[in-house]
Amino acid sequence: MSQDEAVRSTNDDAASCKRSAVHLGYWTDPYVQYFVRAGDRKPPEINRGYYARVTAIKLLVQQFIQVTQRQCQVVNLGAGFDTQYWNLCDDVMTPSVWVDVDFDAITTAKIHYIKSRKQLNEKLVSPVYMRTDLHSASYHIVGADLRDTDALMTKLCTECDLDCTQPTAFITECVLVYMPAIASQQLIKTVAQTFNTAFFVSYEQVNMKDRFGEVMIDNLRQRGCSLSGVEHCTSLDTQRARFLSTGWTSSDSLNMLDVYKSLPQTDVQRIEQLEMLDDYDSMAQLFEHYCVTWASRGSSLFHSISLRHSHVLSHSLSHNRSDSHSDSHSDSHTNVIDSTH
Ligand SMILES: C[S@@+](CC[C@H](N)C(=O)[O-])C[C@H]1O[C@@H](n2cnc3c(N)ncnc32)[C@H](O)[C@@H]1O
């Protein structure tokens, strides 16, 4: 398997972990089941990790959409089989434009699932399906290599008609770490140079120079997947610095243990009832090796967007939307350090 194929395969892991957690009731997502088959049941710490990751990104993106009163654009880079667009449709919270970007092989598969599922394609207005790309009134998919920033910007600004003067959020959920550090820096810098008023949300590894981090890196390397961008994952400071050195004017970062503690606690208490967790310390150790970083430029409106006090936010997490779809799973557990893409 080539390095790029190994990187692409991390999308299968992420999608199946999300499906597992949704099935157990961690959050509601009626759409993930259309992109990935039911797989093994994951350990509670993995399910809680995905819960914290998905909830944190959802809270930041919802705050961005709310402060811009939906007059905004969102670009999900390395989106994989992400389903946020469909869930935002159900919550009547869609931005003016949403774009999902990934390698051609992933976008081709995603378009195939969208085309073949009424529940997905009925949410698109005037869709035009191509092999690797899809364009509709407010949702686009484009196949692109994030390491080629010129080609990416051309696709975004010409084929998806993104307006560089509009507030635009970029999401990288466990993506930048798979790119060479120099390429992810170029990407973050090009986004800042192209979009005047922009917000960035990034989820990935942190504290990777300690023993636990080294084991994570070794496990992935043995599976043919190297974390080429890991030098930015040394600390919360290195995570913030990568933005502040590339044209972003403010940046903040929290490890996932602190994120978990600052999420709306009524919902955290609800999910903690779903499964017994044997070892809180192992979960805490795992959570201290992931973080969410957010950055902005061009508008002071974005300074209010944060996860630091998200327990007091009144945003609807939409976890209680009834999920009428259920699926089956087995009881086998997967290795914790390996299942965290
Ligand atoms: C761990 S998966 C995460 C998928 C999705 N963001 C999520 O969290 O569910 C990483 C994704 O980044 C994509 N990716 C990594 N490097 C990329 C690149 N150079 N160009 C396009 N996509 C890339 C992979 O194909 C994969 O879909």
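Let me start with a term. A residue is buried if 20 or more other C-beta atoms lie within 10 Å of its own, exposed if 12 or fewer, and partly exposed in between. Keep that cut-off in mind. Also, this is a predicted model.

Now helix α9, residues 236-244. Its buried residues are Gln-239, Arg-242 and Phe-243. Look down the axis of α9. These buried residues fall within an arc of 95°, so they line one face of the helix. What covers them? The cover includes α7 (181-194), β7 (198-205), β8 and β9.

Next, helix α12, residues 280-287. Here the buried residues are Met-283, Leu-286 and Phe-287. Down the axis of α12, the buried residues fall within an arc of 95°, so they too line one face of their helix. Among the elements covering them are α2, β8 (250-255), α10 (256-262) and β9 (290-297). Note that β8 and β9 turn up in the cover of α9 and in the cover of α12.

Stay in this part of the chain. Ser-235 sits in the loop between α8 and α9. Is Ser-235 buried, exposed or partly exposed? It has 16 C-beta neighbours inside 10 Å, so it counts as partly exposed. Setting aside neighbours within four places in sequence, Ser-235 contacts Val-206 and Asn-207. Phe-81 is another matter. It is 154 residues from Ser-235 along the chain, and their C-alpha atoms are separated by 28 Å.

Asn-207 comes up again with Gly-213. Gly-213 belongs to helix α8, residues 211-222. Gly-213 has 20 other C-beta atoms within 10 Å, so it is buried. Leaving out neighbours within four places in sequence, its contacts are Asn-207, Met-208 and His-289.

On to the ligand. How many residues surround it? There are 21, and the closest are Thr-10, Asn-11, Gly-78, Gly-80 and Glu-173. Which helix gives the largest share of that shell? Helix α1, residues 3-24, with five residues. By type, the shell divides into 10 nonpolar, five polar and six charged.

Helix α1 also packs against helix α2, residues 44-67. Their axes come within 9 Å and cross at roughly 95°. From α1, the contact uses Cys-17, Lys-18, Ser-20, Ala-21 and Leu-24. From α2, it uses Ile-46, Asn-47, Tyr-50, Tyr-51 and Val-54. Sorted by type, the residues of this contact are seven nonpolar, two polar and one charged.

Follow the chain out of α2. The loop between α2 and β1 (73-77) holds Gln-69. Arg-70 is in that loop as well. Now the backbone. Most residues other than glycine have a negative phi. Gln-69 is not a glycine, yet its phi is positive, about 50°. Arg-70, also not a glycine, has a positive phi of about 70°.

Two more residues. First, Thr-107, in helix α4, residues 104-116. With 23 other C-beta atoms within 10 Å, Thr-107 is buried. Apart from neighbours within four places in sequence, Thr-107 contacts Asp-102, Thr-132, Asp-133, Ile-141, Val-142 and Gly-143. Tyr-85 is 22 residues from Thr-107 along the chain, and the C-alpha atoms of the pair are separated by 15 Å.

Then Lys-155, in helix α6, residues 149-159. Where does Lys-155 fall, buried, exposed or partly exposed? It has 19 C-beta neighbours inside 10 Å, so it counts as partly exposed. Not counting residues up to four places away in sequence, Lys-155 touches Val-142, Ala-144 and Cys-160. Val-142 is also on the contact list of Thr-107. As for Val-97, it lies 58 residues from Lys-155 along the chain, and their C-alpha atoms are separated by 14 Å.

Key. Residues are numbered from 1 along each chain as its sequence is written. This is a predicted model: local features need pLDDT of at least 70, side-chain atom pairs count only at pLDDT 80 or more; totals for chains, interfaces and linings use all residues. A residue is near a molecule or strand if its C-beta atom, placed from the backbone, lies within 6 Å of it. Helices (H or I, at least four residues) and strands (E, at least two) are DSSP runs, numbered from the N terminus. Ala, Val, Leu, Ile, Met, Phe, Trp, Tyr, Cys and Pro count as nonpolar, Asp, Glu, Lys and Arg as charged, and the others, Gly among them, as polar. Two residues are in contact if their C-beta atoms, placed from the backbone, lie within 7 Å. Axes are lines fitted to C-alpha atoms, for helices over the stretch in contact, and angles run from 0 to 180 degrees between N-to-C directions. The arc is that of the directions from the helix axis to the C-beta atoms.
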